[in-house]
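Start with the sequence and the model below.

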Amino acid sequence: MKKKKKHSLPLLGSKFTATVSVALVLFVLGILALIGIAAKNTADDIRSHLGFVVILNENVTDADINALKAKWESEPYVSEYTFSTAEQVLDKWNETMAAEGDSLTQLLGVNPFYPEFEIAVKSEFADIDSLEKIVKPLRGLSVVDDIRMHNDMVQSINATVHSLTVILSAVALALLIISFALINNTVRLTVFARRFSIHTMKLVGATAAFIRRPFLLGNMLQGLVAAFVAGIALAGTLYYVGTIEPQVSVLIEWKEALYVFAALFVVGILICTLSALLSTNRYLRLGYDDMF
């Protein structure tokens, strides 16, 4: 019994160490995934406030304005819209551009502005090509005097979003490769501790599939436990950060976080199983002398 304890305790310790190592790697991957979700939601929110301004002519009637409001409410690309009368547009200009004590009406004697609609489009339409297709038929409307597009702002934000996506994808790929290498080495240590058991089973005629089965099942369970631990730690971290900064709860909804937790289980089981398969196959090919 004492001899059995000497062998089982180190093996148990190595399994515990391997599980903790895998859980830490999955936790870091989960953090990166949540950062990616937050960045995407932030970009979508910014892009959903982009769009164009429809300037109406001076002869526009209330019926025309109501018809345009109904049109914006039915269009699938509209995120939100704001109507401003000529007087409201003038007031906005005076608040932001006019010198103290002066106004454009005092300088010109008349209000040079027309009523306008400011249209914000949904994030999937917030690119130059989509906006051009949207505004092209609008330019032909009799009540429309001009359309101003935020081309420079759209291009700048889309370029920033693209760069951020590339950077996060590169970091995620690098981290995934590193995590696989770390997990593979950790799993190999647990298989290494039982290499003589593998050789003994080969001597008594056990097939390769029979020898692999307990290692694969054991490491699948290890990946499952590690993913569960990482998921609990990630959920706790997300909840704690949300209590400190409520905006985090807006950027990362729990529904989206659940997809990350599910992915952790898939990644943990796949990497641990694949690592066990590669490590077991390696020791299945070794002779007795090569195991030392």
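## A tyrosine in the core

Y77 touches F52, W72, A120, V121, K122, F125, I134 and L138, leaving out residues up to four places away in sequence. Contact here means heavy atoms within 4.5 Å. The model is predicted: local features need pLDDT of at least 70, side-chain atom pairs count only at pLDDT 80 or more, and totals for chains, interfaces and linings use all residues. Residues are numbered from 1 along each chain as its sequence is written, and side-chain values use heavy atoms, without hydrogens and water.

## Two nonpolar cores

A nonpolar core is a set of buried Ala, Val, Leu, Ile, Met, Phe, Trp, Tyr and Cys residues joined through side-chain atoms within 4.5 Å. Buried means under 20% relative accessible area, exposed means over 50%, and partly exposed lies in between (1.4 Å probe, protein chains only). The largest core has 26 residues; F52, V54, W72, Y77, F117 and I147 touch the most other members. At least two residues each come from strand 1 (51–56), helix 2 (62–74), strand 3 (116–121), helix 5 (128–138), strand 4 (144–149) and helix 6 (151–192). Helix 5 gives the most to this core, with four residues.

A second, separate core holds 20 residues, among them L34, A227, A230 and I252. In soluble globular proteins, nonpolar side chains tend to be buried together.

## Overall build

The chain has ten helices and four strands. Helices (H or I, at least four residues) and strands (E, at least two) are DSSP runs, numbered from the N terminus. In that direction the elements run α-β-α-β-α-α-β-α-β-α-α-α-α-α.

Of the 292 residues in the chain, 34% are buried. Among contacts between residues at least 6 apart in sequence, 83% join residues at least 24 apart. The chain exposes about 17,500 Å², and carbon and sulfur atoms supply 64% of that area. Accessible areas come from the Shrake-Rupley method with a 1.4 Å probe; for residues, only the protein chains shown count as cover.

## V54 in strand 1

V54 sits in strand 1. Why does V54 count as buried? Its relative accessible area is 1%. Beyond neighbours up to four places away in sequence, V54 touches W72, P115, E116, F117, I119, V144, D146 and I147. V54 and I119 are 65 residues apart along the chain, yet their C-alpha atoms are separated by 7.5 Å.

S48 and H49 both belong to the loop between helix 1 (2–47) and strand 1. S48 is buried, at 14% relative accessibility. H49 is partly exposed, with a relative accessible area of 49%.

Leaving aside neighbours within four places in sequence, S48 contacts S79, A120, V121 and S123. The C-alpha atoms of S48 and A120 are 6.2 Å apart, across 72 residues of chain. H49 touches E80, A120 and V121, again not counting residues up to four places away.

S123 lies in the loop between strand 3 and helix 5. It counts as buried because its relative accessibility is 16%.

## Helix 7

Which residues of helix 7 (residues 195–203) are buried? They are R195, I198, H199 and M201. These residues lie on the same side of helix 7, because they cover an arc of only 160° around the axis. The arc is that of the directions from the helix axis to the C-beta atoms. After helix 7 comes G205, with a positive phi near 95°.

## Surface features

One salt bridge is counted: a side-chain nitrogen of Lys or Arg within 4 Å of a carboxyl oxygen of Asp or Glu. K71 pairs with E75, and the closest N and O atoms are 2.8 Å apart. K71 is partly exposed, with a relative accessible area of 25%.

L221, L224, V225, F228, V229 and I232 form a nonpolar surface patch, with about 540 Å² of accessible area together. Patches are made of residues with over 30% relative accessible area and no salt bridge; like charges are joined within 9 Å, nonpolar side chains (Val, Leu, Ile, Met, Phe, Trp, Tyr) within 5 Å. V229 lies in helix 8 (residues 208–244). Its relative accessibility is 43%, so V229 counts as partly exposed.
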